[in-house]
Amino acid sequence: MNELEKLFNRIVQRVNINLRELNFDVNPFAIELIPLDQMSKFYAFYGITPDHPPELHFEHSAIAGSYFLGKSRVRNSLLYKSDIRGDELKHKDQTISFKNLTLTLTKDEIIDIEDSALIKTLVHNCSHDPETLEKFFIKNTLAMDYSNIHGSPSDGCFLAPYATVDLTTMRDCVIGAYSYIQAGEISHLNVDPGTIWVNSPGNFNFFYKYPLTLLDRYVSLSPDKVPWGILIDFIEERKVEFLRVFDVVNLEAIESIPKTSSLDRYAVVLPNIKIADNVLVSQRAYIENSTLGQGANAQENCFIINSHLEAYNVTAHGAKIIEAELGSGTFVGFNSFLCGKKEGRLKIGAGCVIMPHTIIDIEQALEIPANQLVWGLVRDKEDLAKNSIALEKMSGIESSFSQGEMHFEGNGALFVKAFKERIHHILEANGAFFADGKNAGHAQKNQKLSLNTIKPFQFGPMEGMYPNIRILP
Amino acid sequence: MEHYLVKDLMVPISEYAVVVVGTPLIEAIRVLEKAQEVYTVSKYQHRSILVLDENGHIVGKISQLRALKALEPEFKFNDEIAEMRKFKFSETYIARLQDKYRSHRKFITDSVLREAANKKVEEFMQAPSPGEYVADDCSLDAAILQLTAGQHLSLLVTRDKQIVGVLRIADVFAATFHKMMTLK
């Protein structure tokens, strides 16, 4: 047994020990999932930028195809094609308000990954846990394909494919495939696949669960099989384009990009695209025959194909937009799959909020009026009527309501406000409002980004492992 | 009374209503009625049915409450309520949801009864919990504590790892309070 296999076994054991109370064994999933034979084939890379100087520490780990930005430490872990983005971490002396307390950071925050395996996972944002302000920890955790750990410290958890945990500290939890959880803090929770849960205790509680028989078409997972479904196939079919951008050392620059916009070197861009000012296209995003209007963004693992995004559109991590026209200010949440057809396009009006992990998969043209909240599975007008509500009507809810498989309790106005404020914050952080040298965000700062690569041992018992490395500014 | 053992009051398994997994509800009720007809030891009739797997092991129990639950057109509604609790919805919200559900459902219709009649026992039976087993040589005092602590209506009586009978709360109740009435 080589070092990589030993490391893998150790991580699986650690995750299982944490999940013993839930009686959940990750071993059958992990065996098929983690491509140990691929770990020596891909280089890792990291960004150097004056705004986020690298402070990286790799120890006894394999990090094939993974990307690092900012400050992070990876120990006894296995990362495969994952993005560890430390460009929104907190800084020393920054103050954080929590209830009636003002907390001051004693040092810069770090992403600290230990005894974990992350496969095609995005780690971003910062710890929102007041108990661990300086450390965004991920330990004893296994995250599978296209999962997102967003501002969510994790200890002893399993995230199935396309699971997202957002702004939530999690301990000893299983998050099912295509589930989205934003709940502040969770522990010892086994979340079924396709669960969408947004809970702000005392303010609001939103819950929707996909009918499993319908979700299975899109993403499925069972022991001893690699994940499958439309969402998995969709990415597999476009894999070859990513191989090209990762294989070529110097890609030809695209001249038509405005100076205020940023197109990542590891994004796939296929003709014909139009990119306006203040647009951010992140690494591993895929843009084909589409228009991104002023201030729009396409975050990691996004696909935008044959579509038009008017302006100030947020396409959150992992969202996919195909054959669609999006009005100004529409928000498309994490891992959403909006799939129009050439003969039946999808039109989404201005100001709509498409909840994280929404699937709109239509055969005939569908138009969503402006300022709607949309969730769950939408295949036609009937589904849309069941799984949407006008934001204005939502704001008027004062106690509770349920519609279809969706349950809501609390103050609708606070729910809408929280979403709108967060959308504004995302646009701001991404540089959508940059003007006259002010309000610079990722779109502008990433232009000062250069990339370095690091490679693993190619032979011997350490094959696939990386040497211990410290990179300091 | 203090010398009573569980085996003195239990109903032997051979006299109890027993069906195997795969049995429809209607057939299980017939078995229960038949068991009631032939059971004359006590004036208290059997009220539940035991479910055996293909190896003869007891895997579930159907009380009157569970049988009535089988009438609910969407038995999974109870799972939904459990899920609402798991995901932090308030008891007020859950009560409102139950009211809404009840106001939209009618149980006693021919089609609901016909559908429920064909439901398999395993769909609505209750699996025995670890606290529902008692040894046949256990004292009645200990068995009473077990019944009250677990709020059980009966306990499965074991001997050498085999289920040999059922200790019913009605028999324990009768024996206990008969004793009480003999006291001066």
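What distance separates the centres of domain 1 of chain B and domain 2 of chain B, taken over C-alpha atoms? The separation of these two centres is 30 Å. The structure is a predicted model, in which local features need pLDDT of at least 70 and side-chain atom pairs count only at pLDDT 80 or more, while totals for chains, interfaces and linings use all residues. Residues are numbered from 1 along each chain as its sequence is written, and chains are lettered from A and ligands numbered from 1 in the order in which they are written.

In chain B, domain 1 covers 6-68 + 120-182 and domain 2 covers 72-106; domain bounds come from an automatic or database domain assignment. The secondary structure of chain B consists of eight helices and seven strands. Helices (H or I, at least four residues) and strands (E, at least two) are DSSP runs, numbered from the N terminus. Along the principal axes, the C-alpha atoms of chain B fill a box of roughly 55 × 35 × 35 Å. Of its 184 residues, 21% count as buried. A residue is buried if 20 or more other C-beta atoms lie within 10 Å of its own, exposed if 12 or fewer, and partly exposed in between, with C-beta atoms placed from the backbone. Among the contacts in chain B with a separation of 6 or more, 63% are accounted for by residues 24 or more positions apart. Two residues are in contact if their C-beta atoms, placed from the backbone, lie within 7 Å.

An open sheet in chain B is formed by four strands in the order S1-S7-S6-S5, with mixed pairing. Strand S1 (11-12) and strand S5 (133-135) of chain B stand at the edges with a single partner strand each, so one side of each is left without a neighbour in the sheet. Two strands pair if DSSP finds at least two bridges between them. Strand S6 (residues 154-159) and strand S7 (residues 162-168) of chain B are antiparallel and pair over six bridges. Helix H7 (residues 140-150) of chain B packs on this sheet and touches S5, S6 and S7 of chain B. The direction of H7 makes about 135° with that of S6(B); axes are lines fitted to C-alpha atoms, for helices over the stretch in contact, and angles run from 0 to 180 degrees between N-to-C directions.

The contact between the chains takes eight residues from chain B and eight residues from chain A. On the side of chain B that touches chain A, helix H5 (residues 91-104) of chain B gives the most, with three residues. That side of chain B has five nonpolar, one polar and two charged residues. Ala, Val, Leu, Ile, Met, Phe, Trp, Tyr, Cys and Pro count as nonpolar, Asp, Glu, Lys and Arg as charged, and the others, Gly among them, as polar.

Chain A has nine helices and 49 strands. Its radius of gyration is 21 Å, close to the 23 Å that the globule rule gives for 473 residues, so chain A is as compact as a globular protein of that length. The radius is taken over C-alpha atoms, and the globule rule is 2.2 Å times the number of residues to the power 0.38. The C-alpha atoms of chain A fill a box of roughly 60 × 55 × 50 Å along the principal axes. Of the 473 residues of chain A, 51% count as buried. Contacts between residues at least 24 apart make up 37% of those in chain A between residues at least 6 apart in sequence.

The domain assignment of chain A gives domain 1 (3-227 + 450-471) and domain 2 (238-446), with 23 Å between their centres, taken over C-alpha atoms. In chain A, 28 residues of domain 1 are in contact with 30 residues of domain 2. The largest share of the domain 1 side, six residues, comes from S24(A). By class, this side has 15 nonpolar, seven polar and six charged residues.

Eight strands of chain A form an open sheet of mixed pairing in the order S21-S18-S15-S12-S9-S4-S2-S49. Strand S21 (184-187) and strand S49 (469-471) of chain A are the edge strands, each pairing on one side only. Strand S4 (residues 71-75) and strand S9 (residues 110-114) of chain A run parallel and are joined by four bridges. Ser72(A) stands opposite Ile111(A) in S9(A).

Val12(A) lies in helix H1 (residues 3-18) of chain A and counts as buried, with 20 C-beta neighbours inside 10 Å. Not counting residues up to four places away in sequence, Val12(A) touches Val26(A), Asn27(A) and Ala30(A).
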